[in-house]
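Please consult the structure shown below while reading this briefing. The points that follow are grouped by topic.

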Amino acid sequence: MKILAVDTSNHPMSVALVEDEQLLATTTLNMVRNHSIYLMPAISKLFKLVQWQPTDIDRVVVAQGPGSYTGVRIAVTTAKVLADTEKIDLIGVSSLAVLARNVVPTSSAIIVPFFDARRGNVFAGAYQWENGELVNKIEDQHLGIDVLLNQLAKLDQQVVLVGHMTDKIQAKYDQLPANVTLLPRSYSIPSTYQLALAGKIKEPVKEIDPFVPHYLRITEAEANWQKLHPGEKEKIMFEKFKEWFINTTNPTKRPILDFTRRIVMISGHQYMVRMAKEQDIQTLVEIEERIYGKAPWSYAAFRIELQRPCDRLYLVVEDDQQIVGFMGTAIDWYHYDLHITNIGITPSYQNKGIGTYLISTAKNYARHLKLHSLSLEVRVHNVSARRLYESLGFRNQHIKSRYYLDNHEDAVDMQANLLR
């Protein structure tokens with residue numbers, strides 16, 4: 001049996017391909033990023049590594065929640081789209097049960113996995129291994145960490161907590177009960193291999209449409225919206241992800257424009273514009289070094305980007321066969337956004353209109369794809385670049401704290417609305 005397992009219910013994003021209980025490939029990203037952007041590329045990359053196609057899968061197993069509202073929806077809706085499109089089995093497993101499976105089956109302790117649910121609250125459940133099977137002893141629920149610990153203190157059994165004890169959670173209690181042990185943080189990273197094994201022995205859902213995330217709790221605003229629009233949110237997301245999946249995986253849908261060696265006039269000077277190639281990467285790194293002193297992007301990072309022609313477009317600008325500027329873009333089908341991942345102009349060619357030309361080209365490309373917005377990040381201290389982007393229709397969205405890895409500087413997230 002060939003299984004695809006997916007978990008984006010919390011901070012880590014994890015994907016695994018498993019065949020007959022053998023782990024063939026897996027990847028986990030535990031960084032602050034948008035799972036909707038990285039999930040399908042991660043799945044596609046693993047398929048390529050093991051030489052599978054979506055049609056080869058027998059079932060898709062997904063962490064069904066609880067967890068982050070958006071995170072749970074992304075994985076569940078992606079799994080539903082795959083199951084519906086490829087006509088394969090769909091299985092949901094509790095995200096907390098996946099975490100509990102990090103504890104070895106030989107343990108006799110009560111396993112209490114938990115996730116931070118904010119404001120001193122957690123999502124938690126109680127599990128125990130019995131004859132090699134993980135049994136749910138107390139159903140998953142949403143409650144205060146102090147309430148949970150008080151309940152666990154009343155048990156006359158050894159209890160192990162599995163999860164990331166954040167400072168905000170820890171501030172809500174004085175100390176752990178004598179019978180409770182917090183396992184090291186390494187246990188708090190969910191394993192999609194374990195998710196696949198759990199899903200292998202479960203019965204698939206009978207109908208795909210009614211399959212929804214297990215939130216355990218929804219926001220008041222969302223509850224009010226659902227009262228007025230029953231069932232609409234999941235339906236909208238399902239259709240949106242279905243379009244996204246088809247655009248991402250179907251080669252006939254790949255929106256590649258013709259950027260093969262085009263002569264352009266920029267501020268009265270003639271340049272050559274073309275798509276970037278792997279042979280250009282070293283030059284791109286050197287341009288970044290001239291701009292920042294140290295290249296924010298490594299050679300490997302650029303190489304990975306150029307290997308994704310279905311949703312990446314990288315252009316270079318040449319003057320007399322020398323690269324003097326470049327720009328990279330990423331398509332986010334989920335948000336109908338074209339994101340400028342990187343843009344750099346050699347210092348001696350700055351303020352000559354090249355940056356403006358590249359951004360205008362990105363806008364035209366996004367409109368061609370019928371996307372709704374163009375977005376980018378810029379360093380907080382880079383006032384001149386921010387003014388340029390504002391003159392081109394970009395507006396500040398929010399600050400991304402300590403975004404840049406080289407000096408941990410904050411970034412301003414900016415976006416241009418293309419629907420106006």
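Which residues of helix H4 (residues 145–153) are buried? They are Ile145, Leu148, Leu149 and Leu152. These residues lie on the same side of H4, because they cover an arc of only 95° around its axis. The model discussed here is predicted.

**The chain as a whole**

- The protein chain contains 12 helices and 18 strands.
- Of its 420 residues, 50% count as buried.
- When contacts between residues at least 6 apart in sequence are considered, 61% of them join residues at least 24 apart.
- The chain exposes about 21,100 Å², and carbon and sulfur atoms supply 48% of that area.

- The largest cavity is lined by Val112, Ala124, Gly125, Ala126, Ile138, Gln141, Leu143, Leu148, Gln151 and Leu152. The elements that give two or more residues to this lining are S7, S8 and H4.
- By class, the lining of the largest cavity comprises 7 nonpolar and 3 polar residues, with no charged residues.

**The second largest pocket**

- This pocket has a volume of about 360 Å³.
- Its lining consists of 16 residues. Val93, Ala97, Leu134, Ala198 and Lys202 are the lining residues that lie nearest the pocket centre.
- S7, S8 and helix H6 (192–200) are the elements that give two or more residues to the lining of the second largest pocket. The largest share, 5 residues, comes from S8.
- The lining of this pocket divides into 8 nonpolar, 3 polar and 5 charged residues.

- H6 is mostly covered, with 7 of its 9 residues buried. The buried residues are Thr192, Gln194, Leu195, Ala196, Leu197, Ala198 and Gly199.
- Ala198 is buried in H6 and is also one of the residues nearest the centre of the second largest pocket.
- The strands against which the buried residues of H6 pack include strand S1 (2–7), strand S2 (13–19), strand S3 (22–29), strand S4 (59–63) and strand S5 (89–93). Helix H3 (95–100) is also among the elements they pack against.
- Val212 is found in the loop between H6 and helix H7 (220–228). With a relative accessibility of 33%, Val212 counts as partly exposed.
- Val212 and Gly92 are 120 residues apart along the chain, and their C-alpha atoms are separated by 9.2 Å.

**Backbone geometry to note**

- Most residues other than glycine have a negative phi, and most peptide bonds are trans.
- A cis peptide bond joins Gly65 and Pro66, with omega of about 10°. Pro66 lies in the loop between S4 and helix H2 (69–86).
- Gln51 has a positive phi, near 60°, and is not a glycine. Gln51 is placed in the loop between helix H1 (35–50) and S4. Its relative accessibility is 71%, so Gln51 counts as exposed.
- Gln321 likewise has a positive phi, of about 65°, although it is not a glycine. Gln321 is found in the loop between strand S13 (312–319) and strand S14 (322–332). Its relative accessibility is 67%, so Gln321 counts as exposed.

**Gly325 in strand S14**

- Gly325 has its place in strand S14. Because its relative accessibility is 0%, Gly325 counts as buried.
- Leaving aside residues up to four places away in sequence, Gly325 touches Ile287, Leu315, Val316, Val317, Gly344 and Ile345.
- Gly325 and Tyr349 are 24 residues apart in sequence, and their C-alpha atoms are 8.0 Å apart in space.

Notes. Residues are numbered from 1 along each chain as its sequence is written. This is a predicted model: local features need pLDDT of at least 70, side-chain atom pairs count only at pLDDT 80 or more; totals for chains, interfaces and linings use all residues. Side-chain values use heavy atoms; hydrogens and water are left out. Buried means under 20% relative accessible area, exposed over 50%, partly exposed in between (1.4 Å probe, protein chains only). Helices (H or I, at least four residues) and strands (E, at least two) are DSSP runs, numbered from the N terminus. The arc is that of the directions from the helix axis to the C-beta atoms. On a 1 Å grid over the protein atoms alone, a cavity is a set of points where a 1.4 Å probe fits but cannot get out, and a pocket is an open set with protein on both sides within 12 Å along at least five of seven lines; lining residues have an atom within 4 Å of a point. Grid points are joined across faces, edges and corners, and a volume is the space filled by probe spheres set on the points. Ala, Val, Leu, Ile, Met, Phe, Trp, Tyr, Cys and Pro count as nonpolar, Asp, Glu, Lys and Arg as charged, and the others, Gly among them, as polar. Contact means heavy atoms within 4.5 Å. Accessible areas come from the Shrake-Rupley method with a 1.4 Å probe; for residues, only the protein chains shown count as cover.
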